[in-house]
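Got the viewer open and a selection box ready? Here's a walk through the model, one click at a time.

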Amino acid sequence: MSYISLSDQDKKEMLARIGISTTEELFCCFPDEIRLKRGLRLPAAMPEPELIWHFEALAAKNAAARYPSFLGAGSYVHFIPSIVDCLAARGEFVTPYTPYQPEVSQGTLQVVFEYQTLICQLTGMDVANASLYDGASAAAEAVLMAHRLNGRARVLVARSIHPHYRETIRTYTKNVGVTLDGIRAGETGAIDLDELAKKLDQDVAAVIVQSPNFFGCIENLEKIGQLAHDRQALLIATVAEAASLGILEAPGKLGADLVCGEAQSFGLPPSFGGPSLGFMGCRKEFVRQLPGRIAGQTKDVDGNRGFVLTLSTREQHIRREKATSNICTNQALCAVRATIYLETMGQNGLKEMALHNFHKAHYAADRLARLKGVRKKFSGKFFNEFVLEFPKSIQGLNGYLKGKGIIGGLDLGSFYPELGNCGLFCVTEVHKKDEIDGLVRAIEEGLR
Amino acid sequence: MIREPLIFEISAKGKRAFALPKLDVPLEKDALEGIPLRKEIADFPQVSEVEIVRHFTRLSQVNYCVDIGFYPLGSCTMKYNPKVNERAASLPGFIFSHPLAPEDLVQGNLEILKRIADSLSEIAGMDAFTIQPSAGAQGELTGMMLIRACLEDRGNPRKIVLIPDSAHGTNPSSAHLCGYRVQEIKSNRAGTVDLDDLSRNMTEDVAALMLTNPNTLGIFEWDIKKIAEIVHAKGGFLYMDGANMNALTGICRPGDAGVDVIHINLHKTFSTPHGGGGPGSGPVGVKNVLEPYLPVPIIKQSGSGYTLDFDRPKTIGRVRSFYGNYLVAVRALAYMLTLGPEGIKEIAEIAVLNANYIRKSLDKDYDLKYDSPTLHECVFSDKLQKAFGISNLDIAKRLIDYGVHPPTMSFPLIVPGALMIEPTETESKRDLDLFIEAMKKIAGEARDSAELLKSAPHHSYVRRLDETSAARNPVLKWEGSKTS
Amino acid sequence: MYPQDFYYSQDHEWVQVKGDRALVGITEFAQKQLGDVVYVELPAIGVQLTVHQTIGSIESVKAVSEVFSPVSGEVVEVNAELNTSPELVNQDPHGKGWILRLKIKNPADVQSLMKAAEYEKFLEGLAH
């Protein structure tokens, strides 16, 4: 099966106009020594029914998609309203190009403008871009942006930020003269404010924290912001679980200068990690250093309102090596999904969904912490994720749970050696009470 | 014409579009104490489901898209996005998989990641691929970081990256992000890399040459083997920007021509949808010499199945969370399996046929700066039309009136007033002829009724927009009732 | 068209010398090339510049151009009006669209610049 739309007659006429007799002549400029002289060693073409059966068989090998799961750690299961899939599947949203010709792209541009507005409303920032790849690369871009803004070369990175985010920040900053310094988490699970205060000095460009952090704990952004600003450093707040913005105060109102994170919770399924949706917003005065595409409002020659990609001189296609980032293609369709999701949930729905996450997670944490040998590791306040400590590594326990058709919490031993007996659990609005009760019962049995 | 308001303009208290089940666990009122809570999300929309459906449906209808018509966008490869790929990528077994689930419960996903990497290796002639980069630009950055890591391992990362003057803007910005200074290499009269300029600039201070092949003029760098020799002789690496892979599939493999590292755009060559600006995917392929540095984890296959290998001491680290834009990779694999080896070769054959048909049909109407044979795209310019005061922008905007999306404009920079046209292999002759006819009519209008072009487009949802005000006084979000 | 008492650089900047002060801007040709100016990046007061050092940049919608210092000196004043009205560079590039004022370090620097007639000839040469 191919998607060629030429008939035999068409090909004849086209070859004739060009003045050749076969398509082979079009490749005459290729040196013979680099021509591929055999067929590609790939599976034979599969007609559609065969292809679908093939992929269904592959999908069936993913039992994880069928079991109730209590994993979070940067990828979250939330209920996606039906109109999200239905509207986002429209060919007019799926198949257009980047809106560089605004006259024929007002659909995408207006949705992006609404998306930017929603992100600003949720984060308390003045300006947001049209999306970045994911929360991890968004964090890296934010760190680079802070460095560009004040020229300072050191960035303090909370160890309680998602390990993938920290690794990505490290990869991006390695070759541009920015050094990273880790700040550990304290007893409560939140960042150690004393260590932070000690390490803050005039060389620090920014402090970056995640809230709720990787352990699920809510950080004291206001205090952290004060400490940072006292030394004229910037506060970057990153949010891995965007659903938390439904009830938690906007980081911008608590002192954050840049807010970035992952918006997968807004209408995207876990998808084995991608595609995802990085977001980023900043204060008005920083806008010229903001990476990524931005849609702006304007008028056309008839005076009608319209939207365009703007402030393009920040970007790679104009600034080239002096650009704020090399990003070109971003995650536009994911931003469309998030916009539909947020507008559907609305003011009240988003808050209610977040409260369901909160209460169900606290119910689960309470019941689990009452089991013999299990205790809540951190005393800090949390949203929908929490860390429990067990008598030993939960590797065996998770194996037991798997046998019962349940995916338990994340074994933290591989990420944080000092938390080798701990598990990170996530509960969202999709977990029914009896599923949570089932988990508690199964863990109780498994620990015996 | 109904002008679609912003959602905030139709929002009002009391409307809702979604209801949640009753909370089935006890409320923990005290647990909320001491947490900084928001009172409400100021100005957040409150609308009904019907309003949302109509809002987005109407907005979708003012978007041009591949499903509506032709996009002659050079270097973008706007080919048809097969719907069976959407169906495959929507299977619950894929979309509900958590990326950190136990490996034995996600064998289907791991298998797909391995198979797409292997298939890309076969098509590009490389030894290994990583699917982690989320787009071409991120792939470029990854590729340059691999080169740097290897050179550092050898004792000297070097300082400079050579980039042809016809290169896409992401090339220099990616090199810069990697800590390299950029040195431009001139194109010769034929439009290809000037070998003398390359030899002069290729020193032991140069880490790599970033080459696009065919280049952004659609011309095949026929000296690629010689180019590779010049670069390798001084211990440098040859990076290939695979954005134009559509001209090469099954015909020539970059790995066979001396390329050490390449990125591929799945949302170009492998038919995954552009989505109005992403999500894309920019897998990076390498020869064995660079394999140890690939982003972590890599997918390994053993007797018992597939596994994630994190034990990679020389890795450059991660460029993003988890494994990449996974569902985009699923679509690309579905596409490769649908086409099979012959279908994949046909991509290049017909893409080049379609492009040359357009070139031959328009070469009397528009100026072609370079004479050399071109493959899947060609670059005209507005030189002939400039005589009447018409620029490529005017031509582009007038095309909209003819129901076609404009071609890529003003790029590459070495062709002033450029119009880069790439039809791809999925266009029908009828659509190609409609485009050719429109371009011919416009060339005539440039001569006889220039005003029509200067004031175009006339029939679109919005007409020419004031981009100057948008940049001078940016309005980047809805400002609330103040603006109404 | 091009003021007789100005000096001109090959990068299309102009200089008007008054005592030990130099007023600097970009020429009519340069503003036309750029198109509608949307933003001007100005240097800070007190910055020391050498000949051909980057002063800042001028952005239009689709392009950005670096501005180079035609003479060496210290920045003593910048045209703050350009922050709110960048279009002055287009409307009056040789007058209200001035960019900065330098205290000249080396008066001999102006000798290597072109006078109006020379600059106009230079522009003619570019057209071919």
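Start by selecting F272(A), which sits at 1% relative accessibility and so counts as buried, the cut-off being under 20%. Bear in mind as you look around that this is a predicted model. To place F272(A), find the loop that runs between β6 (258–262) and β7 (278–282) of chain A. Now check the backbone: phi of F272(A) is near 55°, a positive value in a residue that isn't glycine.

Is S75(B) buried or exposed? S75(B) comes out at 7% relative accessibility, so it counts as buried. You'll find S75(B) in the loop between α1 (49–60) and α2 (83–89) of chain B. Its backbone has a positive phi too: S75(B) is near 65°, and it's a residue other than glycine.

Stay on chain B for a couple of prolines. Select G278(B) and P279(B) together and look at the peptide bond joining them, which is cis with omega about 5°. P279(B) belongs to the loop between β6 (261–263) and β7 (284–286) of chain B. Next, jump to A456(B) and P457(B), where the peptide bond is again cis, this time with omega near 0°. Which part of chain B holds P457(B)? P457(B) is in the loop between α13 (450–454) and α14 (467–472).

Along the principal axes, the C-alpha atoms of chain A fill a box of roughly 80 × 55 × 50 Å. Chain A has 448 residues, and 68% of them count as buried. If you draw the contacts in chain A between residues at least 6 apart in sequence, 71% of them join residues at least 24 apart. Colour the surface by element: chain A exposes about 14,500 Å², with carbon and sulfur atoms supplying 50% of it.

Bring chain B back and look at where it meets chain A. The contact takes in 181 residues from chain A and 196 residues from chain B. Between them the two chains bury about 16,700 Å², 65% of it on carbon and sulfur atoms. How many salt bridges cross the interface of chain A and chain B? The rule finds twelve. For one to click on, pick K61(A) and E111(B), whose side chains meet in a salt bridge at 3.0 Å, N to O. Polar contacts between chain A and chain B come to 79 residue pairs, counting pairs with both residues at pLDDT 80 or more. Then highlight helix α11 (residues 332–369) of chain A: it gives the largest share of the side of chain A that touches chain B, 25 residues. Colour that side of chain A by class and you get 89 nonpolar, 54 polar and 38 charged residues.

The area buried between chain A and chain C is about 620 Å², and carbon and sulfur atoms give 47% of that. One salt bridge turns up across this interface. Select R288(A) and E59(C) to see it, with the closest N and O atoms 3.5 Å apart. The polar contact count between chain A and chain C is one residue pair, both at pLDDT 80 or more.

How values were computed: Residues numbered from 1 in each chain as written. Chains lettered and ligands numbered in written order. Predicted model: local features only at pLDDT ≥ 70, side-chain atom pairs only at ≥ 80, totals over all residues. Heavy atoms only, no water. Buried area = accessible area lost by both parts, 1.4 Å probe. Salt bridge = Lys/Arg side-chain N within 4 Å of Asp/Glu carboxyl O. Polar contact = N/O pair within 3.5 Å; in protein donor to acceptor, adjacent residues only side chain to side chain. Contact = heavy atoms within 4.5 Å. Helix = DSSP H or I, 4+ residues; strand = E, 2+ residues; numbered from the N terminus. Nonpolar A, V, L, I, M, F, W, Y, C, P; charged D, E, K, R; others polar. Buried < 20%, exposed > 50% of the residue type's maximum accessible area, 1.4 Å probe, protein only. Areas by Shrake-Rupley, 256 points an atom, 1.4 Å probe, with all protein chains shown as cover.
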